Amino acid sequence: MALSPPPAVFLFGTLRDLELLEVVLGAAPDVSDAELPNARVARAAGQSYPVLAEAKGQVAQGLVLRGVSPEQLARLDYYEAPYGYTRHETQLDVGFADAYRPPAGQEQEAAEDWSLADWQAAYGPLMREAAVEIMEGFGSVEPAQIASRVPVIRARAQQRINARTQVTPTQLRRPHDRSDVAVSARRKPYSHFFAVEELDVAARQFDGVMPAPSERAIFMMSDAVSVLPYDPVRDRVLLIEQFRTGAYLRGDTNPWSLEAIAGRQDPGETAEETARREALEEAGLTLGALHLVARYYSSPGGCTEYMTSFVALADLPDGVEGVGGLDSEAEDIRSMLVPFEGLQDALKSGEAENGPLVMSALWLTAHRDRLRGAG
């Protein structure tokens, strides 16, 4: 009995990006051009990804992937499953192939034509980087779990992109680079909203010797932003207070923290955009000019968090304080107006013990007269 030929798969959307496709397949793809008659590739309404829409007389351009091995087909199914896409037999101009289609009804929610080039320019690097972490879960993490983690996976992917494109000076440091680090083993025992990664890693010593590997564990977090709103006319700041699990687990007798407004940097956002969004979400506040305090690692020996801190000019009249936050993120955040002298007292007493707040308050102390003159 003759064996059935390996299945062919029609790719009409993001997997036409060959770099992304190679990450998903785990191998270089074998593709050729193909067309689907009486259809068009359209942007899903309100989304960045495409769907197939009926369009009599039109042709949807795509690629046909041939010679797909059972493992590669399983990898494709795994990548598409968190988005609800499943394979359906489809007749192309070159014969039959499977195509990944969304849940029933979604293809009718089509907007304008979708452009691969536009998607690659806006989202390509992020989605390729995110796909690496998604495919690390193949064979061990259920697609439903991946679906719930997609936003934080993309945030961690954005962090890695940020780090690669960031230029930092080496006037005091030795000019090491990543070629001076050797990783012999890598494990991820936990991955959810945050992730933990374990490494057997060696870093070249200052005498030039590459030592034996040591085991290290790192808490994987996305980049973050803090902003301290300051009213130079009324000479006061807006602080927030909220419960912090880290302080609770440390054993703090009062695990509520005084802080500047802060939050995770979403994929595609600049730090400035994050600061303004978080101010609206946490305190209902519209910010004026942003002044950079610093960009820094909060604790690079134990986590990947990279912070950008601002002081922002803001109008802070009586009554802007209150309780806010997003219910979807279980936030319960109290905002308060504090005179500049009260902020100084909190620094001196130790009640201000949150790192970004302390740093921003010290920056404000140094620049207060200039800001008041500008205000």
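Is Arg 236 buried or exposed, judged by its relative accessibility? The points below begin with that residue.

1. Basis of the note. This is a predicted model, in which local features need pLDDT of at least 70 and side-chain atom pairs count only at pLDDT 80 or more, while totals for chains, interfaces and linings use all residues. Residues are numbered from 1 along each chain as its sequence is written, and side-chain values use heavy atoms, with hydrogens and water left out.

2. Arg 236. This residue counts as buried because its relative accessibility is 16%; buried means under 20% relative accessible area, exposed over 50%, and partly exposed in between, with a 1.4 Å probe and protein chains only. Arg 236 belongs to strand β11 (residues 236-243). Strands (E, at least two residues) and helices (H or I, at least four) are DSSP runs, numbered from the N terminus.

3. Surroundings of Arg 236. Leaving aside residues up to four places away in sequence, its contacts include Pro 229, Tyr 230, Leu 316, Pro 317, Val 338 and Phe 340, where contact means heavy atoms within 4.5 Å. A polar atom of the Arg 236 side chain lies 2.8 Å from the backbone oxygen of Leu 316. Between Arg 236 and Asp 315 the C-alpha to C-alpha distance is 9.8 Å, although they are 79 residues apart in sequence.

4. Phe 340 and Arg 368. Phe 340, one of the residues touched by Arg 236, has the charged end of Arg 368 over its ring, 4.1 Å from the ring centre. A charge sits over a ring if NZ of Lys or CZ of Arg is within 6 Å of the ring centre and within 35 degrees of the ring normal.

5. Nonpolar cores. A nonpolar core is a set of buried Ala, Val, Leu, Ile, Met, Phe, Trp, Tyr and Cys residues joined through side-chain atoms within 4.5 Å. The largest has 45 residues, of which Val 9, Phe 10, Leu 15, Leu 76 and Tyr 79 touch the most other members. Elements giving two or more residues to this core include β1 (9-11), α2 (70-80) and α4 (143-165); α3 provides the largest share, eight residues. A second, separate core of 21 residues includes Val 237, Val 311, Leu 347 and Leu 364.

6. Aromatic pairs. There are 10 aromatic pairs in the structure. Rings of Phe, Tyr and Trp (its six-membered ring) pair if their centres lie within 6.5 Å; planes under 30 degrees apart count as stacked, over 60 as edge-to-face and the rest as tilted. Tyr 49 and Tyr 85 are edge-to-face because their planes stand at 85°, with ring centres 6.4 Å apart. Tyr 49 is in the loop between β2 and β3, and Tyr 85 in the loop between α2 and β4 (86-92). Tyr 49 is partly exposed at 29% relative accessibility, whereas Tyr 85 is buried at 9%.

7. Phe 194 and Phe 219 form a tilted pair, 5.0 Å centre to centre and with 50° between the planes. Phe 194 is partly exposed, with a relative accessible area of 22%, and Phe 219 is partly exposed at 32%. Together with Phe 193, these two residues form one aromatic cluster.

8. Helix α6. The 13 residues of α6 (residues 271-283) should span 18 Å at 1.5 Å a residue, which agrees with the 18 Å between its end C-alpha atoms; the expected span is 1.5 Å times one less than the number of residues. Its buried residues include Ala 271, Arg 277, Glu 278 and Glu 282. Gly 284 follows α6 and has a positive phi, near 60°.

Technical notes. A polar contact is a pair of N or O atoms within 3.5 Å; within protein, one must be able to donate a hydrogen and the other to accept it, and residues adjacent in sequence count only if both atoms are side-chain atoms.
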